[in-house]
Amino acid sequence: MPTGHYDLHTHTTYSDGSELREMIAAAQQAGLDAIGLSDHCVVWDDPFDRSDRFDFHRTYEARRSDIEAARTEFEITVRDGVEMNYDPNYEDAIEAFLESAEFDYAIGSVHYAGEHYIVRKGFFADADDERKQEAVDTYIDWQVHLIESELFDVIGHLDLCERMPALAGFLSDDHITALIDALTNSSTIPEINGGKVFDDANANDPHLLERFRDAGIRFALGSDAHRPAEIGERFAYLSDIVAESDLALLEHQEIAGERE
Ligand SMILES: [Zn+2]
Ligand SMILES: [Zn+2]
């Protein structure tokens with residue numbers, strides 16, 4: 001069984017994370033073999049103004065220079081990745097950007113689905129069950145489209161909706177089957193994500209992850225750390241989940257190619 005000692009999902013000041021060298025140093029100190037930097041990127045004007053907050057499609061070349069300099073200063077392997085916002089209506093724009101930017105690897109993540117801003121705290125505070133069910137249905141539908149698009153190496157935070165207290169419990173067996181079918185027929189790898197979503201986020205559900213394991217699906221590891229101290233903490237947390245549920249991991253080298 002592989003024992004992945006890496007973290008492919010971290011954020012720097014090129015989106016909403018911390019200083020790049022501090023993130024790399026923390027990963028090295030935590031004993032990891034590799035850290036992937038995956039800043040948020042939105043390449044269209046989205047309805048929830050994420051594109052106003054994240055301008056990484058304009059700054060990734062500057063980050064690349066920073067990464068190249070940092071590679072000479074640290075032992076740990078540093079990978080030049082991205083967390084692309086996914087919306088099925090903008091696949092052409094995503095594809096064009098990814099082709100021109102040539103990252104080592106790309107994570108695709110659904111953060112909003114239709115009119116539902118899945119990751120905004122309090123967004124579902126006044127929502128009834130019908131609306132929450134519609135949000136989860138749309139979220140899963142978009143995730144299936146993401147996997148089928150083959151645009152990304154990794155799908156970010158696969159189990160996000162169950163980790164959000166407001167939306168937990170609306171994921172059905174049919175949703176899980178649809179995700180498994182899509183993953184089985186795609187080269188896109190699901191990620192076990194250690195992100196907190198919100199302070200009161202639910203832990204990853206081992207029974208849910210075991211459904212994917214039993215279908216023969218392997219995972220990538222991503223802490224979703226935004227601060228240096230989170231990298232080691234969340235790596236330990238994710239390693240426990242992997243051991244408890246006996247999940248199979250891919251090594252980071254198996255996820256897309258390294259840039260020369
Ligand atoms: Zn995300
Ligand atoms: Zn993230």
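**Core and helix packing**

Tyr-139 touches Val-110, Ala-113, Ile-118 and Cys-161, leaving aside residues up to four places away in sequence; a contact here needs C-beta atoms, placed from the backbone, within 7 Å. The model is a predicted one, where local features need pLDDT of at least 70, side-chain atom pairs count only at pLDDT 80 or more, and totals for chains, interfaces and linings use all residues. Residues are numbered from 1 along each chain as its sequence is written, with chains lettered from A and ligands numbered from 1 in the order in which they are written.

Tyr-139 also turns up in the largest nonpolar core, a set of 67 residues, as one of those touching the most other members, alongside Ala-27, Ile-35, Met-84, Ile-118, Val-154 and Cys-161. Such a core joins buried Ala, Val, Leu, Ile, Met, Phe, Trp, Tyr and Cys residues through C-beta atoms within 7 Å, buried meaning 20 or more other C-beta atoms within 10 Å of a residue's own.

On the H5 side the contact uses Ile-140, Gln-143, Val-144, Ile-147 and Glu-148, and on the H7 side His-175, Ala-178, Leu-179, Ala-182 and Leu-183.

Across the protein chain, 43% of the 260 residues count as buried.

Definitions and conventions. Buried ≥ 20, exposed ≤ 12 C-beta atoms within 10 Å, placed from the backbone. Contact = placed C-beta atoms within 7 Å. Helix = DSSP H or I, 4+ residues; strand = E, 2+ residues; numbered from the N terminus.
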